[in-house]
Amino acid sequence: VKAVRYGLGALGVAAIAFGLRGLITGGVATNWPQPAIWLVLGVLAHDLILVPTVAAAGWVLARVVPAALRAVVRGGLLIMAIVTLVAFPVLSGKGDPRNPSLTPADYPRNWLLVLGSIAVVTAALASARWLAMRPGGGRRTGNPGRSSPR
Amino acid sequence: MMLASADAFPVSTVARVPSPLTRPLPPPPAALRRGPLREGAFRSPLHDRELTVRIGRWLGIAFATCFVTGLISHYLQSPPSWLGSVPSRPIWGYRVSQGIHVATGIACAPLLLAKLWTVAPKLWAWPPVRSVLHALERLSVLALVAAAIFEVVSGLINIVQWYPWSFFFPRVHYYVAWVAIGSIALHVAVKAPVIAETLRARRSSVDGQSASSGRSFPGAQATSHRQSTPDGQADRVDRRGFLLAVGAAVATITVVTVGQTLRPLAALAVLAPRKPDVGPQGLPINRTAVGANIRPVGPDYRLVVVGAWTLSLSLTELRRLPQYEAELPITCVEGWSANARWRGVRLRDLLDRAGAPTGASARLTSLEKNGLYRQSVVDPAHAADELTLLALELNGQPLDLDHGSPVRLIAPNRPGVLQTKWVSRVEVL
């Protein structure tokens, strides 16, 4: 077991070294200071912008949304945020404008449609839970662990 | 407790004998421990080791899949000498592998962010560095995070052909992929005892539970090794909800993009950069004639075939040669693909006429003056394949200029960038 572990680690170090060597010796094709800047910027954007934003959103959520609905609402917001991040390139309008087959759709409209669908599903799930937890509802104990979010 | 100490000093399992690498370093002054560095400054029931292991496993599988399919694409585009000839079948080989590459790459976005969220407080660990070995481990995690974010972001940006940088994307994406996969392997090796411990604790707590609660979040009873303290039922619901949400996020972004290559889902691909039926003659294009600075050819156009002797064929002469039809996909590195009916001359017929030996490969040159892909090499397997055409027609009509009029290469199991358009010259190698 130990040998496998050390072997995997050594392979990992070798792969990292191969990648870094390729970047540094790649000349104009890799232009290594550029990727280095992008690598650092990615980490900074994640750790100093994205994570604090998500933490702040979670803090607000915990104070605004009842505990029993938190997982559902958080899930809906999380999916919307992910869709937005992934859709950012097509929403940006970048690319080659001379190529009409590239990004041919009405992306802002489609993005809103997708977000709207997620919001509808989230609201439906949240209301179902809310009704189930009310006294006299389907599950009167208000035990959120028993009522599945589906 | 053993578990707790393993959590506090994961590196201690690497070497138990004190050495310069593991000797504790003097802690920094406590006065610096402010803001996010404060103990418990940053709490969430989702900062949970079992979540980390479970999401990490899916992320690892996705990254490994992405890496392997990426290597396939890299070697198809720039075959190293040791690889020999690339097989020309199955027809859909590259279509499937590159479709998986882009789809798993997109799926990595939520998995990566979720994985990082579950370990977010570790960034603000106190003391920041406990030993030289710990510093090295943190450095390897930095390499992992930076490379993983870079690969996902640069890939997402590339599929809309947006290049806000001054390097050659495929090369850098390739080398950073090695850094990413290497630091993942190293990370798994370093964390193997912690991962095994977490999985064991989960299994034993599942076994210990009564059958009736089999659906509740497994492992949630084992509180001793949690990073978050009060482990109530609400926390468990939070964690289960989080896993469901991450899964739903992966499903959502896949459904709204994968139709660019998976035709049955084309109608749902509302956020994909391509629609497989939008473009000249109902087929997307990657490089336009305008972009390549190509104008329609006149009657003086000749296709030159250089072999044992040289042929110079006008379009009329090309059309008089036996014509064949093939249904082949255009498969772009950017992850879209679409089938089309092509009609034209078999490349192997042209090579035979020029007196090429069997097993020859060929170099095709485009009318393009510049451009990285103005030339491509057709290896022996593809050159001999009866489906490899120099196409003159697409879906029953003469080729559109954007599709490579007057003549383009179309071959099975081959990246789109190597399906040379506007062909003017074929050389036997």
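## What counts as a cavity

A cavity here is a set of grid points where a 1.4 Å probe fits but cannot get out, and its volume is the space filled by probe spheres set on those points. Please keep in mind that the model is predicted. With a cut-off of 30 Å³ or more, the count comes to two cavities.

## The largest cavity

The largest cavity has a volume of about 80 Å³. It is lined by 14 residues, and those closest to its centre are A:V86, A:A87, B:L156, B:T257 and B:L271.

Which helix gives the largest share of this lining? That is helix α3 of chain A (residues 67-91), with five residues.

Next comes the second largest cavity, with a volume of about 60 Å³. Its lining includes B:G99, B:V102, B:A103 and B:I106, along with B:I253, B:T254, B:T257 and B:V258. B:Q260, B:T261 and B:G335 also line the second largest cavity.

Two helices of chain B, α3 (93-118) and α6 (233-255), each supply at least two residues of this lining. The largest share, four residues, comes from α3(B). How does the lining of the second largest cavity divide into nonpolar, polar and charged residues? Five are nonpolar and six are polar, while no charged residue takes part.

Note on methods:
Residues numbered from 1 in each chain as written. Chains lettered and ligands numbered in written order. Predicted model: local features only at pLDDT ≥ 70, side-chain atom pairs only at ≥ 80, totals over all residues. Heavy atoms only, no water. 1 Å grid on protein atoms, 1.4 Å probe; cavity = no way out; pocket = protein on both sides within 12 Å on 5 of 7 lines; lining within 4 Å. Nonpolar A, V, L, I, M, F, W, Y, C, P; charged D, E, K, R; others polar.
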